[in-house]
Amino acid sequence: MNIISVENLHLSRGDVKIFSNFSLYIKENERVAILAHSGIGKTTLLDCIAGLVPKESGCVNSPKRLSYLFQEPRLLPWCSLEKNVLLPISEILSEKEAKSRAEFFLSQVGLLERKMSLPAKTSGGEKQRCAIARAFAFPSSVLLMDEAFQSQDFSLRLKLMQLMEKLLETEKRTLVLVTHDIREALCLADRIILLGKRPVEIELDIKNLRNQSIPERYISPNKEALEIEKEILDLLCRK
């Protein structure tokens, strides 16, 4: 069953045609990583799925409630970590249920004891963990991620990927991930889509991935993963 359907999408920026008759279908509980050169339209595609940008024509069907994890944590500096998690859910859940969800997911990311701290008093990794808690606390079936681990150092990136995989396993969310990191895609996705050209086309669509654990998949990918990585790099380097 498709939880996200993009059909015959047309979208331009000025005189530049980004999408023309573009279609993409994502099944429930799939974990899809989208790779492409910078500026192709990866984030624009995520924003179309989220309903954040107007399209010229075509049809985009996705759940009304979506969680979106951005490149930056985007925490309100004057609010505690707990308040930042509570804000998106306070109007759709009862006060008791919202607080319970906020505390549960803060505990899942190891921040329950820091819940009253302001963002300025926390590290970059803690801010991003808070953003992950906020994304999962929001009751939705789809999580969109836009290079959410890009600014983290190597060891922290691996820890955040392990945390993300754990939460995806327990919470059963469909994931659509935009990244430039092929190994991050191999770690978190069971399907990798490579976009190319302009207007955007799907150049590669690889399914049924993920047969190693993190961090092995990132540090020492198996033969199958290395072959996929080479295939993607070959296509990217032709541009």
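**Close-up views of the predicted model**

**View 1. N2 meets its bridge partner K27 in strand 2.** In the hairpin of strands 1 and 2, two residues lie between the strands, and G14 takes a positive phi near 65°. This is a predicted model, in which local features need pLDDT of at least 70 and side-chain atom pairs count only at pLDDT 80 or more, while totals for chains, interfaces and linings use all residues. Residues are numbered from 1 along each chain as its sequence is written, and side-chain values use heavy atoms, with hydrogens and water left out.

**View 2. Three strands form an open sheet in the order 2-1-4, with antiparallel pairing.** Strand 2 (16–27) and strand 4 (57–61) are the edge strands, each pairing on one side only. On average, neighbouring strands of this sheet are turned by 15° against each other, direction ignored. Look for V6, which stands opposite V60 in strand 4. Helix 1 (residues 42–50) packs on the sheet and touches strands 1, 2 and 4, and its direction makes about 120° with that of strand 1. Axes are lines fitted to C-alpha atoms, for helices over the stretch in contact, and angles run from 0 to 180 degrees between N-to-C directions; contact means heavy atoms within 4.5 Å.

**View 3. Helix 1 is largely enclosed by the rest of the structure, because seven of its nine residues are buried.** These are K42, T44, L45, L46, D47, C48 and I49. Buried means under 20% relative accessible area, exposed over 50%, and partly exposed in between (1.4 Å probe, protein chains only). Just after the helix, G51 takes a positive phi of about 75°.

**View 4. L195, in strand 8 (residues 191–196), is buried with a relative accessible area of 3%.** Beyond its neighbours within four places in sequence, L195 is in contact with several residues, including F22, I34, L45 and I202.

**View 5. Helix 3 (residues 95–108) and helix 5 (residues 154–171) have axes that come within 11 Å and cross at roughly 135°.** That makes helix 3 oblique to helix 5; angles under 35 degrees count as roughly parallel, over 145 as roughly antiparallel, 65 to 115 as roughly perpendicular and the rest as oblique. F104, F105 and Q108 of helix 3 meet L163, K166, L167 and E171 of helix 5.

**View 6. I132 and M164 touch the most other members of the largest nonpolar core, which holds 54 residues.** A nonpolar core is a set of buried Ala, Val, Leu, Ile, Met, Phe, Trp, Tyr and Cys residues joined through side-chain atoms within 4.5 Å. Leaving aside neighbours within four places in sequence, M164 is in contact with L69, I132, F136, L143, M145, F149 and L188. A second, separate core has 29 residues, among them I4, L11, I26 and Y68.

**View 7. Q128, in helix 4 (residues 124–137), counts as buried at 1% relative accessibility.** Setting aside neighbours within four places in sequence, its contacts include F70, E72, P73, F149 and L160.

Conventions: Two strands pair if DSSP finds at least two bridges between them. Helices (H or I, at least four residues) and strands (E, at least two) are DSSP runs, numbered from the N terminus.
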